[in-house]
Amino acid sequence: MTCGIRFGPRLAPLALGAVFALLASSPSLAAQAQATTGIIRGVVTDPSGNVVAGARVTVTDVQTQFQRTVVSNEKGVFVAPLLPLGTYDVTARAVGLGERKQTGIVLRVGETVDLALKLQPVELAAVTVTATPLVDVTKVETSTRLPNQAVAGLPNNGRNFLNLTLLTPNVSIVQGPDGDELTIAGQKGIHNNVSVDGADFNNPFFGEQRGGQRPPFTFNLDAVQEIVVTAGGATPEFGRSSSGFVNVITKSGTNLLHGSLHYFGKFDAISGTPEHRFPSGTVQSFEPDFNQHQFGFTLGGPLKRDKAFFFIAYDQQIYREVKQKARPSSLALDSLTAWMDTAFGGALRGDFGSISRTNDARAGLIKLDWRPSDRHNVSLKYNHTWSQQENGTFDVDVWARSANGLEKDYSNAINGSLTSYLSSNTSNEFRFQYSREDRPRPYEGPRTSLLGTDPTQTGLRPFPDVAMDFANGFRFGMPFFLPIKYYDTRIQLLDNVSYARGNHFFKAGAEWNRVNSVQTFIGFANGRFIFNSVTGFRRYAADSNYVECSNGTSNTTASCPAGTTITGPVLLYLQQAGVGGLSVIDAGTQSIPQNELALYVQDSWKPTPSWTIDYGLRWEAQVEPDPRTPPQSVFFAPFIGQRVTNSTGTYAFPSDGTIPSDWKMFQPRVGFAYDPDATGRQVFRGNGSIGQTLFGSSATIPIGLRPPAFNHLLTPPSGAPIFPDVFVFDKDFQNPRTLNATVGYERQVANDLALSLSYTHARTDHVTRFINRNDALFGKPWGTGLAGLPGNTNGINTLTTVESSAKSRYNGVTIGVKRLLDRNFRFQLNYTLSFDKSDDDNERDPFTFRYARADNLGPDYNWSDRDQRHRFNGWALLRLPGDIYINNRVSYYSAQPTSMSCGPSPFSAFAPPRGQRATSPADRNCSDGTVLTRNTLRKDNAFFSWDVRISRPIDLGGHQQFEATFDIFNVTNKDNFKDPAYGGLLFNFDGTIRSGLGDPRQLQVGARWLF
């Protein structure tokens, strides 16, 4: 069972599992037993096969001359844990017997290399050159390691290390509401855990990798030594995730001075023109207008030979693009742009013209490794990132330039480790991190004094966030969530002790993570309008008394004839205001400190040479802060602990005014491997792991909740808020928990060819859901009874409750084939057939509800928004005569689901006709009271990309090499249409969206100098 993430900050995880494998080989490998280091262990025997106690076994890193000597115990077992990554020679000696030496042992992150060292008579010393096996026959968890040759040689559009994780099974990119997101085994993107050099590389507030989806990269790809993706079955050392783990290790210096210089450039003149044909026959296309330059270097070497080493890396991107040169033509757009040309002194003139965007980034890394003695290793690293995207918030053809902000992100992180070898069988590792990430989102769009006072206090008032027209979904003005000031800090301390005894290798550790997110969020402070049409908007902007009536008439009296109701043109108006005399800035500034604690113990036990049993337990707790306003002082305090009975049922108030802490996250994990015949050619595997909102619309004018004139804001009421929207955590909230289990079979069918078949099941409960527990379908139990209006008739409008009532179920079958040993032709292919269901896929959007009816959530359980029935990933490195390389990568993902409309109903008067795509969850409600099942249609967003790199390295002598590269991304010029919104574009509350045509065929030229 795995415990994962809640809305906002990333939460600690919980895992339970069982692992099975049928294995054989010498040497054999077991992956991901350590977060940053590796283990070499084995058994020493004499010529007769008897175990040898007291043998001295020395492991030597051939690149740095690091040495560690251990002694075999009474069972002949030796263990050398916490070893730096590299290529090792292993020498065994014993009194009266000859020396045994094995060379060329490649030790990679998390691996345990098992050796059988058979000593010969004293006059027959033996040397064996060890090759890396094709099948890792003692690996028990579901993990995939990308070879260094693939990391360095494959085409990688953007040079982001996370892009390479897509080549591994059960991993893909899905189009989410805040950009493309990584999903592993069907889980939400915010449930992943990305670790770099043993330190968390996650944003604690947004629940994604540091920097988010917008920056092209966060450090130089040439600084990456290894990438391992673990989809399930991780040891107790790994935590804080109910999904997968991405473990990245950066390079270190060696005794040899080495480095690289690189440049890669992309230009529109040598790129394709994308084109997408809709089912209606309409064709959408655009001419690319962009250029991109990426350049950087790496340098590593000795500060003092065999003792101290350094490694430096830097990368930079300069990117310019112009899009939306031609907008989808319509009479409605012509009418809107005509209004913009003259309204408010022409402040919005040309707003629907072309949009220029940037995507610039810089990333630097400095790493020092020092060996003060034979018993201690010290590593220290500093990482800096900076990125900026002008007009980088949205990329939607029917949204104006003003509907964008300036997206910034920069971070600084220091992390390090101290590894101490206390004795032949005892070691200690200490790791730490301090980091700070700033993610400010200022607004630089049009402003005017004609709009009155600016509530954001940043100058003249920007235009409010305005959307209109069901058919087109036009939008202009400052996005409702801007501007934002945000930063977070992280302090991470971890210590573990390793101890070898007999056939056991124990490890116990403790961890403390303190994260603090500080944000000023003044969403809706500048107001948000949604209108039913451009005509309705223009008439309302001219006269705020304009209304449209249910009988089809309209007038400027702010009322409709008797027997009719107001239906437009304002469908929704939202405005945030301070409470208790606070300004929106004061009310929107918050600090959210969280403390995450963990203890774990694990053992790798080899009761016989044929069996390896791994088991352990991890406990975690997440301690939440006290709320800014004590429960007894909040507006809704009289409701806390109360129950209300009405005609629809009896309801308890869901919150106690706090955010619940979680102290009960226990995670037992177990795995085993069995080697029956020592062929090393086949393996069976299995694993498991266990403020105040003012609102209104034209329809609410009769009850006194009328929206303001377009150039004004509502005046906040004095005293108690009147029918505010309230956000609370359910008092019984729990973190998501995932049971992940995998069984598989892998077989080497030729000297350099292996096939694999696996099945993965992931069952997640207590998934986060946002639900209105004051819905009219519940009789609005909390809609009255509070002070502020005569007779205590005040109450709550929308009671958004963050609860853990949702679930997801993932089942996937993966077929794989690989060839890795031949340096002239290597490849790895995998295909996954998956079935991913859930009943709520909201990642972190508290402004929208994803269900059709709050009192009937059953129809919401169906294909998840992430469901992709078919996924294929593959890469191949091909070396031709003349030392020409042609490296390929191919990815295909089938379309994601979307929901069908049931037609207009009392729940959604403007729903599309039945059978068409729903624009909101309410469209699934039928007039007869039934609800259509969610996600029964498929979007038009299937993805296919074939990327090719052609390169020719030239040996310059003296350990120098020059390489010219030519990359073609999206060779077939597939349009890869992006359709991320869960509904329509009109009622959209996402933080970033790219909608429409994907990247066309792009050509990139590059050069790299290695020395």
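Figure 1. I366 sits in strand β25; strands here are DSSP runs of E with at least two residues, helices are runs of H or I with at least four, and both are numbered from the N terminus. This is a predicted model, in which local features need pLDDT of at least 70 and side-chain atom pairs count only at pLDDT 80 or more, while totals for chains, interfaces and linings use all residues. Residues are numbered from 1 along each chain as its sequence is written, and side-chain values use heavy atoms, with hydrogens and water left out. Together with L303, L368, L380, Y382 and I414, I366 makes a nonpolar surface patch of about 510 Å². Two elements, β25 (360-373) and β26 (376-390), each give two or more residues to this patch. Patch members have over 30% relative accessible area and no salt bridge; nonpolar side chains (Val, Leu, Ile, Met, Phe, Trp, Tyr) are joined within 5 Å, and like charges within 9 Å. Areas come from the Shrake-Rupley method with a 1.4 Å probe, and for residues only the protein chains shown count as cover.

**Figure 2. The whole chain, for orientation.** Let's step back for a moment. The chain holds five helices and 59 strands. Its radius of gyration is 30 Å, close to the 30 Å that the globule rule gives for 1011 residues, so the chain is as compact as a globular protein of that length. That radius is taken over C-alpha atoms, and the rule is 2.2 Å times the number of residues to the power 0.38. Along the principal axes, the C-alpha atoms fill a box of roughly 110 × 65 × 50 Å. Buried residues account for 59% of the 1011 residues. Carbon and sulfur atoms own 58% of an accessible surface of about 36800 Å².

Figure 3. Side chains of opposite charge can pair when their charged atoms come close. In this view D114 and R41 form a salt bridge, with their closest N and O atoms 2.8 Å apart; the term asks for a side-chain nitrogen of Lys or Arg within 4 Å of a carboxyl oxygen of Asp or Glu. The pair links distant parts of the chain, since D114 belongs to strand β10 (residues 112-118) and R41 to strand β4 (residues 38-45), 73 residues apart. D114 is buried at a relative accessible area of 8%, and R41 is buried at 6%. How many salt bridges does a search of the whole structure find? The search finds 45.

Figure 4. D465 forms a salt bridge with R475, and their closest N and O atoms are 2.7 Å apart. These partners are ten residues apart, with D465 in strand β30 (residues 465-468) and R475 in strand β31 (residues 474-476). Both D465 and R475 are buried. R447 pairs with D454 at 3.5 Å between the closest N and O atoms. Here R447 is partly exposed at 23% relative accessibility, whereas D454 is buried at 7%. Elsewhere, R159, D222, D315, E963 and R1008 are linked in a network of salt bridges.

Figure 5. Most residues other than glycine have a negative phi, and most peptide bonds are trans. The bond from L482 to P483 is cis, with omega near -10 degrees, and P483 lies in the loop between β31 and β32 (484-501). G568 and P569 are also joined by a cis peptide bond, with omega about 10 degrees; P569 is placed in the loop between β37 (566-568) and β38 (570-577). Where is H766 found? H766 is in strand β48 (residues 753-772), and its phi is positive, near 60 degrees. H766 is partly exposed, with a relative accessible area of 26%. D883 has a positive phi near 60 degrees as well and lies in the loop between β52 (870-880) and β53 (884-893).

Technical notes:
Buried < 20%, exposed > 50% of the residue type's maximum accessible area, 1.4 Å probe, protein only.
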